[in-house]
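Colleague: Could you take me through how to read a few local and packing features, giving the general idea before each case?

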Amino acid sequence: MTGPTTTRGRLLLTFGLTGAVALFLATVPLHRDWFDLSVYYGTVGHWLHDGGRIYDYTTPGADGTAYGFTYPPFAALCMLPMALVSWPGAITICLLLNLAASAAVLYWLTGSLVRRHARHPWFGFTVVACLFALLEPVRDTFSFGQVNLVLLALVLFDARLLATGRGRYAGFGIGLAAAIKLTPAIFIIHLLVTGRRRAAGTAAATAAAATLLAAWVAPTPSRDYWTEDLWDTDRIGVAAYVSNQSWRGMLARLVDPVPPSGAVWALGALAVLAVWAHRVRRAAAARDEAAGFALTGVAACLVSPITWVHHLVWLIPALTVLADTALRPGTPPARRRRLLSTAVAVYVILCSSVVWLWRLHPTGLDGFLGGNAYVWICLGLLLTLPVRAPDVAVSPPPRRTDVGRDTPERHPRRTC
């Protein structure tokens, strides 16, 4: 990653690249008009100002379906300050949070990669940020006003603590993310599977404390959510819709309009989790935290009943693992070419919005292949994402003072 040889050349390329990306984002992709943010904003306003129930508020979507708040009550509690500002103020807060989360995610995932291969890190980070902004899950997270990037940043905060030998402090980020949305709870299981019992306990306790706080502040909505609304899958959306790029979404499109078999979905989910558990234990044994957390994000996308396209920000860590492994010194040239080709292909598809070609008719062989493109990417990453040996792993060995109950070195049999 050498780039232009002069400062002026780098500045010109920086302005040109950022301008082209900004023009593309402003004109080509469909903007989602902050729809999800409007649901959050309307929900907390209905709750605070009108005394209404959190899960009674709905907003009609473009397809005529009524969409309501689907997250646990603690998420509504976190969003409550939005009820005190105007709609433009809520949009501004959402943008600032997503920008801050994006900066943290990019720094944690690509910082060492950029510093290792770019003569001028500021230029390297500019290129990486532009590539990041073009990803469809990132674009949709911003334009829907979603929370995915914030949750990813919380989880990666704990991953960084574990990777840098500070595992004794890990767990709070994952716990908060799991209290806001259920999908990140798989990272608590990740900590258990890889022998990080202390971090898993911290994460579980944090999630429980946040949930109990929400129950104390809003007892009726909490009771409604955990006893009724959580199990009402129709509140989330239509499983067969092409944006649902999970294992269940693929099954639903295959048999639509008949509901997919719960037994078939469960068997497939169990198979995914079995492969995932085997691979993350290997990653933990190799002290490759980056690969372990990336594999968990991939598995989360597959086993979740609903994985909208904007949820696929959980695949970004896997993309960086592919690129980092390919560019590491000592990687054989043939393997480097194969990994880089894979990374580029996955990146291009995740930028392409290709699945929307089958939005109206996700049938036939072409619909099965193209309409589930992101599902195939997830399956491929789950099976083939490289796990690096200790001498080439991204993560350094834990500091000796931090080796304890929540690190795999004390329990080698649990991570083989």
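**Reading loops, helices and cores**

Modeller: Let us start with a loop residue: Asp33 is found in the loop between α1 and α2 (35-48), and the model in which we see it is a predicted one.

Colleague: What is the value of phi for Asp33, and is the residue buried or exposed?

Modeller: Most residues other than glycine have a negative phi, and most peptide bonds are trans. Phi of Asp33 is near 55°, a positive value in a residue other than glycine, and Asp33 is exposed because its relative accessible area is 59%. Arg287, in the loop between α13 and α14, also has a positive phi, near 60°, but at 22% relative accessibility it counts as partly exposed.

Colleague: Which peptide bond is cis, and where does its proline lie?

Modeller: The bond from Asp256 to Pro257 is cis, with omega near 10°, and Pro257 sits in the loop between α12 and α13.

Colleague: How should I read the packing of α1 with α5?

Modeller: Two packed helices are described by the angle between their axes and the distance between the axes. Here the axes of α1 (residues 7-27) and α5 (residues 121-134) come within 10 Å and cross at roughly 10°, which makes α1 roughly parallel to α5. Among the residues making the contact are Leu13, Leu17 and Val21 of α1 and Phe123, Val127 and Cys130 of α5; the residues of this contact divide into 12 nonpolar, 3 polar and 1 charged.

Colleague: Which residues touch the most other members of the largest nonpolar core?

Modeller: Phe69, Trp276 and Leu315 do, in a core of 108 residues, to which α14 gives the largest share, 10 residues. Leaving aside neighbours within four places in sequence, Trp276 is in contact with residues including Ile186, His190, Leu295 and Leu382. Apart from this core lies another, of 5 residues, among them Ala239, Ala240, Ala252 and Ile306.

Colleague: Which elements do the buried residues of α12 pack against, and what does Asn244 touch?

Modeller: In α12 (residues 247-255) the buried residues include Trp247, Met250 and Leu251, and the buried residues of this helix pack against α13 (262-285), α14 (289-303), α17 (364-370) and α18. Asn244 lies in the loop between α11 (219-227) and α12 and counts as buried because its relative accessibility is 0%. Not counting residues up to four places away in sequence, Asn244 touches residues including Gly249, Met250 and Arg253, as well as Pro305 and Trp308.

Terms used
Residues are numbered from 1 along each chain as its sequence is written. This is a predicted model: local features need pLDDT of at least 70, side-chain atom pairs count only at pLDDT 80 or more; totals for chains, interfaces and linings use all residues. Side-chain values use heavy atoms; hydrogens and water are left out. Buried means under 20% relative accessible area, exposed over 50%, partly exposed in between (1.4 Å probe, protein chains only). Helices (H or I, at least four residues) and strands (E, at least two) are DSSP runs, numbered from the N terminus. Contact means heavy atoms within 4.5 Å. Axes are lines fitted to C-alpha atoms, for helices over the stretch in contact, and angles run from 0 to 180 degrees between N-to-C directions. Angles under 35 degrees count as roughly parallel, over 145 as roughly antiparallel, 65 to 115 as roughly perpendicular and the rest as oblique. Ala, Val, Leu, Ile, Met, Phe, Trp, Tyr, Cys and Pro count as nonpolar, Asp, Glu, Lys and Arg as charged, and the others, Gly among them, as polar. A nonpolar core is a set of buried Ala, Val, Leu, Ile, Met, Phe, Trp, Tyr and Cys residues joined through side-chain atoms within 4.5 Å.
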